[in-house]
Amino acid sequence: MKFTLSWLKDHLDTDESLQAIVDKLTMIGLEVEEVEDKGKLLAPYVIAHVISAEQHPNADRLRVCMVDIGAAGNGKPIQVVCGAPNARTGMRSVFAPAGTYIPGKKLTLSVGNIRGVESHGMLCSEAELEISDDHDGIIDLPADAPVGTSYAAWAKLDDPVIDINLTPNRPDCTGVAGIARDLAAADIGTLLQMPIAPVKGTFPCPVNVTLDFGDTPSLCPAFGLRLVRGVKNGPSPEWMQRRLAAIGLRPINALVDITNFLTFDRARPLHVFDAKKVKGNLVVRRGRDGETLLALDGKTYALDDTMCVIADDNGVESLAGIMGGEVSGCDETTTDVLIESALWDEIAIARTGRKLGIVTDARYRFERGVDPAFMLPGLDLATHLVMELCGGEPSEVVVAGQPPIRDKVIDFTLDALPRLAGLDIGLAETKRVLSRLGFFVAGDAKKLKVAVPTWRPDVDGVADIVEEVMRIVGVDRVPLTPFPRDDRGRKPVLTPIQARTRRAKRALAARGLTEAVTWSFISKKEAELFGGGQPELALANPIAAELSDMRPSLLPGLITSAQRNADRGFPDVALFEVGQVFRGDRPEDQFVAAAGLRRGLARPTGTGRHWRTGAQAADVYDIEGDALAVLAACGAPVQGVQIQPGGPAWLHPGRSGTLQMGPKLVFGHFGELHPRLLEALDVTGPIVAFELILDRIPEPKAKATRAKPPLELAAFQPVSRDFAFMVDAAVKGADIVRAAQSADRKLITGVTVFDVYEGKGVEPGKKSVAIAVTLQPREKTLTDEEIEAVGQKVVGEVVKRTGGVLRA
């Protein structure tokens, strides 16, 4: 919603600064997105008189101009080199001195030397000032334009434009008058009440209106119509054109501009028909299959019976509440005009606009709900403006239907303010705020009756009244309440699964994967490939054939996204998703899963293609690291996690693993996707992927929920020792790691496998596994004898648990 400061002051008597108004708008819930202050931007530009314009000595298309800018230039002419074809002696134009920022060119002027002649500024076009697209020549001002004065002030471009971001529940603030009402309630000024005098018609309206919806629900509660004959249509006055142009609307003619002006001024969309182009009476009805409308935007729209239209004997003349038809539109030849002011069903307006892809200012307001009590006063206000600007004689008003004005009274007590908002204010201030917002308040402190104005359809209960009072008096009036601080720490706000979801996303993003959000529905074929496809998981009314089943896994959506990227020239992708999967139709069959995949050269360290290392595709070890990172971030005891070879049927049997704790607690799987799966999905590979069920991660023990102890860093240097063991080929590296860790859990802080060898020099059925063991002393530096003793324990534990022997 855009409006200018002067426009606002037509409804609000205030001396507050622009910044104070902007700050207050945001504080009362009308968030200001942008303030465009052309007066400030164009402050350096002044009106100049071109004393002379001589041919440039070294360029055919350039002129050397001497310009007078009055007192701004100390009365001395300034030399400017200009390439505009219309630059001439005696003209008046707009001058920008050196040091001025030119918005249309995105540069700051400096003193330049152009073909050997110095230029100390610039004569500007409208395009360079971003006030129009005209760049064919410099601005040519009238001969009486005052030299040396600010161009922005003279051209009335110094009116700031305020753009606010409205929430859908505030239809009253889609008009400047409603915004002024809120500001006046917040003590920014005084609301200027402008009563609308009814217009007395001098003759019956010759066009009648009928609401014809048959047995179907009505899409038009009420419709008002008036004829004004003998009008003279032409350009609207300068003040109206300037305001419409400032908010991005193109002035058309006085009759159309009046309707656009009232749409933004009073949140009251109207429509005007050229009465001589309307045949017979008007009928408001549903559209019919096969009907079309050539609308004012020049496009032809196909209609159906879900849409509301206004028709005459010729057919459809307007798409109700959204856009008029081109055939009956008003132009400079219009002498008799029909002014329409109606109410429309909000849902029907929104549905029609979406179906046809039409977004208009009228639709924006009607689908949010306009003030039903202002339907006829809005028609009178439009009539006043038409008669004032175009002349003419008004008819009586024809009304079909009845505006649905219902009294809404809410019982309210003052104790709701401290209970719901922490505010403790008196009865007098509460009444003052609500009364200024247009509410009628009666009663005492124990019980109030609050009547809701017709322009506030969003206010339905006590909580809404509290919100109105709180936003106007200011959230800074809500008292501060300190959190209790003790050694136990605060109770977590998030549930365990919410916390895991956040941690999993952060861990995967930190490893270079990009989050994707895919459909919770997949095709039956995809569901069956990942263990789903049961009848109870099929949708009764799918939105598309390929979205027929609830997903048993996150991977089908990620695989499809990866392939879509590859088809568009981005083969190296790393994606992840955290979301729900469905293994049955019971609540306990619904899980929160984390899944990720890597395709092509998308490796954790960045690109897999480098001049030093060559092209290295992501492999099973990369995706294993992703899965373990998620488990660690979610609080799983990673030291106790076992990796078993193999996995479900959708993974490669020799290049996959299962992450579990004990024989029954399976967290998930990782590995390379099976070639048969990729072929069935028509996907090119290879692709490595993982999927974990976050619900299966065990809860930490109660003592772990206490506040974390302070970080302690060891003061002594760690020691690392390498060991190589000859073991049976079937022995797992994880078993060797766990055996080494058990030798001394206080001193040993890390055990990693850094080499595995099978081949020449090693007996068949055997392999050599080398590990690095890190010792971190905390109390004193270790002696050689103490290090040797720990090493002997490591060897003893590995030999005892794996049957291996230490290699010499």
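A salt bridge is a side-chain nitrogen of Lys or Arg within 4 Å of a carboxyl oxygen of Asp or Glu. Keep that in mind as we walk through this structure, which is a predicted model: local features need pLDDT of at least 70 and side-chain atom pairs count only at pLDDT 80 or more, while totals for chains, interfaces and linings use all residues. To find your way, count residues from 1 along each chain as its sequence is written, and remember that side-chain values use heavy atoms, with hydrogens and water left out.

**Stop 1: Lys766 and Asp728**

Select Lys766 and Asp728 together. They form a salt bridge whose closest N and O atoms are 2.6 Å apart. This pair links distant parts of the chain, 38 residues apart: Lys766 sits in strand S45 (residues 766–775) and Asp728 in strand S43 (residues 719–728). Helices (H or I, at least four residues) and strands (E, at least two) are DSSP runs, numbered from the N terminus. Lys766 is partly exposed because its relative accessibility is 27%, and Asp728 is partly exposed because its value is 37%. Here buried means under 20% relative accessible area, exposed over 50%, and partly exposed in between (1.4 Å probe, protein chains only).

**Stop 2: Asp626 and Arg598**

Next, select Asp626 and Arg598. In this salt bridge the closest N and O atoms are 2.7 Å apart. Asp626 belongs to helix H17 and Arg598 to strand S34 (residues 590–599), so the pair ties together parts that are 28 residues apart in sequence. Asp626 is buried at 0% relative accessible area, and Arg598 is buried at 1%.

**Stop 3: Glu624**

Stay in helix H17 (residues 620–633) and pick Glu624. Now show Ile643 and Phe670: Glu624 touches both, leaving aside residues up to four places away in sequence. Contact means heavy atoms within 4.5 Å.

**Stop 4: Lys277 and Asp274**

Move to Lys277, which forms a salt bridge with Asp274, the closest N and O atoms being 3.9 Å apart. Lys277 is partly exposed at 27% relative accessibility, whereas Asp274 is buried at 3%.

**Stop 5: a network**

Finally, select Arg170, Asp172, Asp182, Arg456, Asp458, Glu468 and Arg471, which are linked in a network of salt bridges. Across the whole structure, a search finds 42 salt bridges.
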